[in-house]
Amino acid sequence: MKYMDEYRDHERVLRIAGEIGKISARKWAFMEVCGGHTMAIQKFGIPSLLPESIRLLSGPGCPVCVSSRRYIDQAVAYSRINGVIIATFGDLIRVPGSFTTLEKEKAAGADIHIVYSILDALKIAREHRDKQVVFLAIGFETTAPGTAAGILNAYHEGLTNFMVYSSHKIMPPAMAALVEEGVRIDGYIAPGHVSTITGTSIYRHLPGRYGLGCVVSGFEPLDIMQSLLMLVKQMESGKPRVEIQYRRAVTEEGNMKAKALMEEVFETRDDWWRGLGVLPDSGLAPREKYRYLNAEVMLVADPGPVREDHGCICGEILRGIKEPRDCRLFGSVCTPVNPVGACMVSNEGACHAYYRYNRS
Amino acid sequence: MEKYILLGHGSGGLMTRQLIVDIFLRHFGDDTLQKLTDSAVISMNSHRLAFTTDAFVVKPIFFPGGDIGKLAVAGTVNDLAVSGATPLYLSAAFVIEEGLPVEDLETVVRSMAQEARKAGVRIVCGDTKVVDRGNADKMFITTAGVGTLEERFTDIGTGTGIRPGDRIMISGSVGDHGMAVMMARELLGFSSEVKSDCASLNHLIGKCLDRHPGIRFMRDPTRGGLAAVLCELAEMTGFGIEIDEPAIPVHDPVRGLCELLGFDPLYVANEGKVVMVADQTNADRILSTMRSDALGKEASVIGRIVDHHPGQTWMNTGPGGKRIVDMPAGEQLPRIC
């Protein structure tokens, strides 16, 4: 298939793997921040192709994984309000809250719709004027502009039965917090799709302040291999810097229109990340002007106390300190059918990716 | 066990298995049922019969490449055929929602008749129920089927003859049915040219069985897709399975859609494909026979039975890596970004 097979070419992948091995004089550890990268790396069996000198760690770039249980609990609480329809991406439906999941609530009678975009949620609101539609807005800079556009649509249309429950987060605070906390890595495979929106200036401080290499990568096997080669070259030459491998999608300045949309609709707030705790200015909430489209302002529903599971090490996995295999729940108590932690349920979670593709 | 039935319980993966074991097997506890083969094999007066049943629910009931009627006939015919049986008789039971246009019902029934003729089976009994509007989604069809089974094919359903070195084949591309139905739901705001592969395979399978010895196992990769069949096979036989990603036929539009949604075509449903395991010496000849049939033109040898990593399926990926192929857990869910 055109524009796909070229990026999965066996010979080229092997050639780059050989080159990485040849130029690595010492061991290097790189973190792929984005869950999409984690999934691609495991799905294509990339670890089996890499020389021993390269160690890959999975980072906090799976939106479902880093969100709190309280977010699910609160969404469940909203779903129990009479007349509320929950519109959500499929990924969220099986994520465990403290005591239940949206999937179970749906089976028990809650009105929960799986949508593919916020536009579907707006459509549901237009078709059900007698109901309140709450869209579960989750994701990083990649999906936040979509939510912003949806909120603006509702605002200009005068839609009064539509709301957003935002868990949107932004990547830079987490990437900085990881190194501040002492996670030992030599460089980042920076998230490709986040960067299509933000551009690369958000990574500018990483080489200077922390001595980290940083390559914005695409999601195909050759993209990832080439990015690793670029990182090794940077580090071996002692010149860490920000480079773009994913040139066909990413520019230095990013998507100005999408950035403007986000700026118009959202303001930053302190937000809680699994594994990292509360990070200042790392979350996005609708601005005051759009408060009537914000479920947190408009709806009152008590989610009850939060219950975290003991023994689950999702937090440490998200910080790259441990691997899924280090968790005693992994594969025994915690599986994709009965996930304990969010990293197992999300398609992009490290535990899920390891379980599906690399469980030996 | 969960308190309520979840959609995932119907996905054909691990959750479905859990439901079958925890509820159905526990109460029915029948020796033949325990085998969990596509068809039950029953001996009566020295005759061997294969017996199967399947309920069909699909939304929408009409989709590119077929409809619920064609599916209901082909699905049951295929369950019999992959057991090595010659399908003969079908029953058909309809649960119809009040208000369904008679024209729609007739279109579905006409398509059933046509598919039955094609497959050479007779629909000999049936039942009809109508429920209040809203209590069923347009229509549900349940078909049951019986066929005769020659003694030499008895082990095909269970795969007990499988040995390391055997070749694994598939009769054509994977993922077409699941993606065609998904696109027919018009949820994505664009269209595609993907057509369901829904078809009766008994003639193709019959040709292979008649002409070649060495066929040791067959199954149709429906819900849960190719991955579910391979994982079950590895678990059932205790051998390992190794497959080669580039050898698995996937049509470009299906690949494209799967990439877009974050789906793996290996887990997407098929309704007109058979996975066959055959001994090494006969595999190539069987492949040629499959390819000579219109429904098997894209047939391919996709892997082999191995004696390492017992009970697991591993895949050599296109780019040259290795990874495990796991049993699907529940429904595949489209990703966030």
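Reply: In chain A, the C-alpha centres of domain 1 and domain 2 are separated by 25 Å. The contact draws on 10 residues of domain 1 of chain A and 11 residues of domain 2 of chain A. The model under discussion is a predicted one. In the assignment for chain A, domain 1 comprises two segments, 65–170 and 254–298, while domain 2 runs over 314–357.

Between them, domain 1 and domain 2 of chain A bury about 920 Å², and carbon and sulfur atoms account for 71% of this area. On the domain 1 side, A:Cys65, A:Arg274 and A:Gly275 contribute 48% of the area buried against domain 2 of chain A, more than any other three residues. The number of salt bridges between these two domains is 0, whereas 2 residue pairs are in polar contact across their interface, both residues of each pair being at pLDDT 80 or more. The side of domain 1 of chain A that touches domain 2 of chain A consists of 5 nonpolar, 1 polar and 4 charged residues.

Chain B also has an interface between two domains. Its assignment places domain 1 at 37–153 and domain 2 at 167–325, and the C-alpha centres of these domains of chain B are 23 Å apart. Here 26 residues of domain 1 touch 22 residues of domain 2, and the area buried between the two domains of chain B is about 1,900 Å², 58% of it from carbon and sulfur atoms. B:Pro64, B:Asn78 and B:Val82 provide 27% of what domain 1 of chain B buries against domain 2, more than any other three residues.

A salt bridge joins the side chains of B:Asp38 and B:Arg219, with an N to O distance of 3.3 Å. Polar contacts between the two domains of chain B number 10 residue pairs, with both residues at pLDDT 80 or more. On the domain 1 side, at least two residues each come from β3 (62–63), α3 (68–81) and α4 (102–119) of chain B; the largest share, 8 residues, belongs to α3(B). By class, this side of domain 1 of chain B holds 13 nonpolar, 6 polar and 7 charged residues.

As a whole, chain B contains 9 helices and 14 strands, and its C-alpha trace extends over about 60 × 55 × 45 Å along the principal axes. Its radius of gyration is 19 Å, which agrees with the value near 20 Å that a compact globule of 337 residues would have.

There remains the interface between the chains. It brings 41 residues of chain B into contact with 43 residues of chain A, and the two chains bury about 3,600 Å² between them, 58% of it on carbon and sulfur atoms. Chain B and chain A share 3 salt bridges. B:Glu259 is in a salt bridge with A:Arg8, their closest N and O atoms lying 2.8 Å apart. The elements of chain B that give two or more residues to the side touching chain A are α1 (14–28), α8 (252–261) and β14 (322–325), and the largest share, 5 residues, comes from α8(B). The side of chain B that touches chain A comprises 21 nonpolar, 10 polar and 10 charged residues.

Technical notes
Residues numbered from 1 in each chain as written. Chains lettered and ligands numbered in written order. Predicted model: local features only at pLDDT ≥ 70, side-chain atom pairs only at ≥ 80, totals over all residues. Heavy atoms only, no water. Domains from an automatic or database assignment. Contact = heavy atoms within 4.5 Å. Buried area = accessible area lost by both parts, 1.4 Å probe. Salt bridge = Lys/Arg side-chain N within 4 Å of Asp/Glu carboxyl O. Polar contact = N/O pair within 3.5 Å; in protein donor to acceptor, adjacent residues only side chain to side chain. Helix = DSSP H or I, 4+ residues; strand = E, 2+ residues; numbered from the N terminus. Nonpolar A, V, L, I, M, F, W, Y, C, P; charged D, E, K, R; others polar. Rg over C-alpha atoms; globule rule 2.2 N^0.38 Å.
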